[in-house]
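Take a look at the model below. Keep it in view as you read this report.

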Amino acid sequence: MSNRIIIDVSRMISNLAQVISLKPLSPFIIRLIKLISTILISSAIIWELGNLYAHYKGLIIPDGLRFIFWLDRVALGSHFVEALIAAYYTALGGQNPLKYGIYTFFVGTVGLLELKQEK
C-alpha cells in the first residue's frame with residue numbers, strides 16, 4: 001500500500017511537470033507568480049482569521065462576502081494539498097519536508113514544479 005502511494009505521488013508530480021513546465025517562463029514571471037501567490041495566500045489566511053473573529057464576537061457577515069470565503073477556502077485547501085505532496089516527496093529524497101512544504105504552501109504549483117526540476 002505504501003509503495004503504491006509513493007508511485008502515485010511520483011507519477012502525479014511527473015505528469016504535472018510534463019503538462020506545465022517552468023522553462024518557457026522567464027525568471028521575472030516566475031518571481032512575480034511567487035510574489036502574487038504569497039500575497040494572496042497570506043490574505044486568505046488573514047481573511048479566514050477575520051471570519052473566525054467575527055463569528056466569535058457574534059458579528060453578522062454580509063451574504064455578499066460568502067463567495068470570498070468559499071474562494072479562499074478552496075485556495076487554502078488546494079495549497080495545503082500541494083504542500084503535503086511536496087513535503088512527502090522531499091521526505092523521500094532525504095530533504096527537510098517541513099521547510100519545502102511551507103514554501104510550497106505559499107508559492108503553490110510553482111513550488112512543486114521547482115521540486116520536480118531539482119530531481
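## Ground rules

This is a predicted model, in which local features need pLDDT of at least 70 and side-chain atom pairs count only at pLDDT 80 or more, while totals for chains, interfaces and linings use all residues. Residues are numbered from 1 along each chain as its sequence is written, and side-chain values use heavy atoms, with hydrogens and water left out.

## The whole protein

The protein has five helices and zero strands. Along the sequence, the pattern reads α-α-α-α-α. Helices here are DSSP runs of H or I with at least four residues, strands are runs of E with at least two, and both are numbered from the N terminus.

The protein has 119 residues, and 29% of them count as buried. Buried means under 20% relative accessible area, exposed means over 50%, and partly exposed lies in between, with a 1.4 Å probe and protein chains only. The accessible surface comes to about 8000 Å², and 70% of it belongs to carbon and sulfur atoms. Such areas come from the Shrake-Rupley method with a 1.4 Å probe; for residues, only the protein chains shown count as cover.

Now take the contacts, meaning heavy atoms within 4.5 Å. Among contacts with a separation of 6 or more, 68% join residues 24 or more positions apart.

## Helix α2

Helix α2 covers residues 27-57, which is 31 residues. From first C-alpha to last, α2 reaches 45 Å, close to the 45 Å expected at 1.5 Å a residue. The expected span is 1.5 Å times one less than the number of residues. After α2 comes G58, whose phi is positive, near 80°.

Which residues of α2 are buried? They are I30, S37, I41, A44, E48, N51 and A54. Their cover includes α3 (66-92), α4 and α5.

N51 sits in α2. N51 counts as buried because its relative accessibility is 4%. Leaving aside neighbours within four places in sequence, N51 is in contact with I61, F69 and R73.

Two packed helices are described by the angle between their axes and the distance between the axes. Axes are lines fitted to C-alpha atoms, for helices over the stretch in contact, and angles run from 0 to 180 degrees between N-to-C directions.

The axes of α2 and α4 are 7 Å apart, at an angle of about 90°. The two helices are therefore roughly perpendicular to each other. Angles of 65 to 115 degrees get that label; under 35 counts as roughly parallel, over 145 as roughly antiparallel and the rest as oblique.

From α2, the residues K34, S37, T38, I41, S42 and I45 meet Y103, F105, F106 and V107 of α4. The residues of this contact divide into six nonpolar, three polar and one charged. Ala, Val, Leu, Ile, Met, Phe, Trp, Tyr, Cys and Pro count as nonpolar, Asp, Glu, Lys and Arg as charged, and the others, Gly among them, as polar.

## Where α4 meets α5

How do α4 (residues 97-107) and α5 (residues 109-118) lie, and at roughly what angle do their axes cross? The axes come within 6 Å and cross at roughly 130°. That makes α4 oblique to α5.

Y100, Y103, T104 and V107 in α4 touch T109, V110, G111, L112, E114, L115 and E118 in α5. This contact has six nonpolar, three polar and two charged residues.

## Two residues up close

Y103 belongs to α4. With a relative accessible area of 28%, Y103 is partly exposed. Not counting residues up to four places away in sequence, Y103 touches K34, G111 and E114. Y103 and A87 are 16 residues apart along the chain, and their C-alpha atoms are separated by 9.6 Å.

V110 belongs to α5. V110 counts as buried, at 8% relative accessibility. V110 and R31 are 79 residues apart in sequence, yet 9.6 Å apart in space, C-alpha to C-alpha.
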